[in-house]
Amino acid sequence: MKLNVWLNGKKMQDEIEPGMMLLDYVRQKGCYSVKCGCETSNCGLCTVWLDGKPVLSCTIPAARVEGRHVTTLEGLQEEAAEFGGFLADEGGEQCGFCSPGFIMNVLAMVRELNDPTEEEILEYLSGNLCRCSGYMSQLRAIKAFLAYKKGERAV
Amino acid sequence: MTYVNQPVRKKDAMALVTGQPVFMDDIAPKECLIVKLLRSPYAHAWIRSIKTDIAMKVPGIECILTYKDVPQNRFTLAGQTYPEPSPYDRLILDPHLRFVGDPVAIVAGQTEEAVDRAMKVIKVEYDVLEPILDLRKAKDNEILIHPEENWIANCPVGADNQRNLCASGDQIEGDIEAVLADCDVVVEETYHTKANQQAMMETFRTYTYLDTYQRLNVISSTQITFHVRRILSNALGIPKSQIRVVKPRIGGGFGAKQTAVSEVYPAIVTMKTKKPAKIIFSRYESQIASSPRHEMEITVRIGANKDGKIRAIDLYTLSNTGAYGEHGPTTVGLSGHKSIPLYGKTEAFRFHYDVVYTNMMSAGAYRGYGATQGIFALESAVNELADKLNMDPVYLREINMVQQGQRMPAYYNELLQSSALDRCMARVKKMMNWDEKFPCRDMGNGKVRGVGVAMAMQGSGISNVDVGSVTIKVNDDGFYAMTIGAADMGTGCDTTLAQIAADCLSCDLDNIVVYGSDTDVSPYDSGSYASSTAYITGGAVIKACDSLKKRILKEGSRLLELPEEELDFDGAYVVSLHNPDKKITLKDLANESLHTTNNALQVTESNYSKTSPPPFMVGMAEVEVDTETGAIELIDYAAAVDCGTPLNPNLARVQAEGGLAQGIGMALYEDVIYNQKGQNLTNSFMQYKIPCRQDIGKVRVELESSYEPTGPFGAKSIGEVVINTPSPAIAHAVYNAVKVRVRELPITPEKLLKEMGKFA
């Protein structure tokens, strides 16, 4: 079947198998930041944005995104590097396999929530598993990033 | 020190956080054959017949292999230095199936759909046998897991396949029975730790191809490139010279990838078809057929005087290696060797063990490697002893803990040259406000808060076994290329080793390019496991830099026409000690060294160690238990770790926090559960619950450094010791809250309620 989709701002037209998942589609299109960590929608590694909202690409058929906008970390390189620098300064990326999905969700959170509390941060990101870091360094990075953004807004 | 002990960013950090394609499946060629495994539905069976003719007709199928198609030499998948202590008990495919998930056939095809379709039409008839699913019933059972005649134990580890024994041993120091009989108080209890999955986010995966010279190239997510080369040579029956193993970035390992879980399958497909092939384990496969922590049942007898002096420790470990013996004979050793030495005043100890085969998935190496299990048992027993003595468990440890300068009879009689264990205890006691909070506080709303404590140790590499090597060369314009055989799996060793080199060579960190690990290019390294990289390979970096500086001075002597003894190298210049005007820049020297010279500016140095200096840790947990529901909430976890000099305090801290989170998972949530047929019920992240960020409460880590004289810049290891305290500390905190001893992990609300008499 035919699929028309906007991927990272570029219009795509592809012939796909009807059962193909969005995760497999975006990787086939070279968006290798999107990873698969489970088959049960538990880990958050495959997080992409669909019309600007974070979704798990492992459980969305590619056919369902017809005509819509899909964003992966490949389309958010500047923002990824900006927040990623804070994560790197804590050593919180570690193996880095979960980082793209986690960062997609962090960037979505920053757009969606104004000045989130620690509790809100933990809740928003609870679906992003990480086995290396123990999460504390990620929390430190997010808090430092939010403070930096707040400072930017105040100027 | 400009870089060592500084929190510099990892060299690969920005590539990782911007999602660059650096992992195995990001770089595998698109034309790879897809390899999958048809797996046994039975815990114990023989294949009576297997028919693949219909499956071979599925369009796109290239190759289907059964036990009839593979070499008949047994081997081990354990990544260990030759001669491997783990028995040679595996075939690539075996008609004797030993657990639910044991491979029955290897299927390779052009698409995943074709492979899936073919797997469904392979016809297999099984003779189903009775399985052994209880580690207590395995030894001398009439059912034999490995009756085969070509089963081999390479090392004298007390193995006997006719008794289902993968290993056994008994070590006694002093008259243990007499001392125990003479003690005022003796605690004797049995503790049970379950299998746990490393659950690294990137599952097992490998791709293989034949290169220009028809050599087998293996690109794998592994911690052990050089051991994988040997394992593949053994398994495929081809010379090592025909194999190259390379690791890309690795999405976590934690020991899981110290076993060659996935490599042999695409390798044999590529050898048979001459085509590139890849296997990506699903999470399901990574849960049911991988290399989890050894389940252990540990019986402790510990005796003390009324004044609290601990005089004798007897520890018996029964370890479950599962269907195959990977890491079976070695993990068990740490359950005694890295728990008993925590107590420095014992007059006698005994450590004895049996490691048994069962019809569960093979166990393997998981962070802590047996020490975690032994420390849960011994530290829990010490907490019970404190209770019997009516003594503060912190005080009991303070008066018994091993001290710097002591010999450790239960730790290969090594001399303890560095320890801040006492300072760790004092620090965490303060962090937790122990004196105020011990043992518990009733919160007045049906909830009680309790606190608990535990100590831990580990090693730094395997003494007299592990080797780390480093090659450094000076390139044009004077930048350095450092090639290592150690495997950065997210830990940051590419960066920490470069930090050491930058300080040794007095240069900018960016002036050192790091590459590893590639068996064709890297100098030999036993691999990144056993907490060895910082200490062993770090030592090799220092040696290599010293040798390289000598070469640079020699080249400077040639170019400046001055004797070497009169020259100094300050990182930027080779300069005369007598006349500062006589000098040459490293850049000019490097460029000059590329012609008309006999002095290659490249060195390789290896490093092994006769000792394995232990890092130490103290952890304290505060939990809140709901007395109505048994729900346990971890409120606070405070810990201090002595890893010697932290090479990179950020990365050391994150190692500690990450290890604690895994330890918290082990203590409260994680459990590999089988049903009565030996089917694994915890086969996804739905059932096997690793902690999410809302589950771990507040984790606080402080680095309390000693200085290890034999380590690089005073460093010891950090990677494994950090997982060892949560289980005993949390169990202790729960006991102090509701007076229920949980001696079998994980500590669940159900277990508490049952003991509190709330179930009918």
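This is a predicted model: local features need pLDDT of at least 70, side-chain atom pairs count only at pLDDT 80 or more; totals for chains, interfaces and linings use all residues.
**View 1. Where chain B meets chain A.** On one side of this meeting place we have 41 residues of chain B, and they are in contact with 42 residues of chain A. Helix 17 of chain B gives the most, with seven residues. Sort the chain B side by class and you get 22 nonpolar, 11 polar and eight charged residues.

**View 2. Two helices crossing in chain A.** Here helix 2 (residues 77-90) of chain A packs against helix 5 (residues 136-154) of chain A, with the axes 8 Å apart and at an angle of about 135 degrees. The crossing is right-handed. Among the residues making the contact are A:Phe83, A:Phe86 and A:Leu87 from helix 2, along with A:Ala141, A:Ala144 and A:Phe145 from helix 5. By class, the contact has six nonpolar, two polar and two charged residues.

**View 3. Domain 1 touching domain 3 in chain B.** The domain assignment of chain B gives domain 1 (31-129 + 201-252 + 256-288) and domain 3 (468-607), as well as a domain 2. The centres of domains 1 and 3 of chain B are 39 Å apart, and 17 residues of domain 1 are in contact with 14 residues of domain 3. On the domain 1 side, helix 6 (225-236) and strand 11 (243-246) of chain B each give two or more residues. Helix 6 of chain B gives the most, with four. That side has five nonpolar, eight polar and four charged residues.

Conventions:
Residues are numbered from 1 along each chain as its sequence is written. Chains are lettered from A and ligands numbered from 1 in the order in which they are written. Two residues are in contact if their C-beta atoms, placed from the backbone, lie within 7 Å. Ala, Val, Leu, Ile, Met, Phe, Trp, Tyr, Cys and Pro count as nonpolar, Asp, Glu, Lys and Arg as charged, and the others, Gly among them, as polar. Axes are lines fitted to C-alpha atoms, for helices over the stretch in contact, and angles run from 0 to 180 degrees between N-to-C directions. A crossing is left-handed if the near helix is turned anticlockwise from the far one by less than a right angle, and right-handed if clockwise. Domain bounds come from an automatic or database domain assignment.
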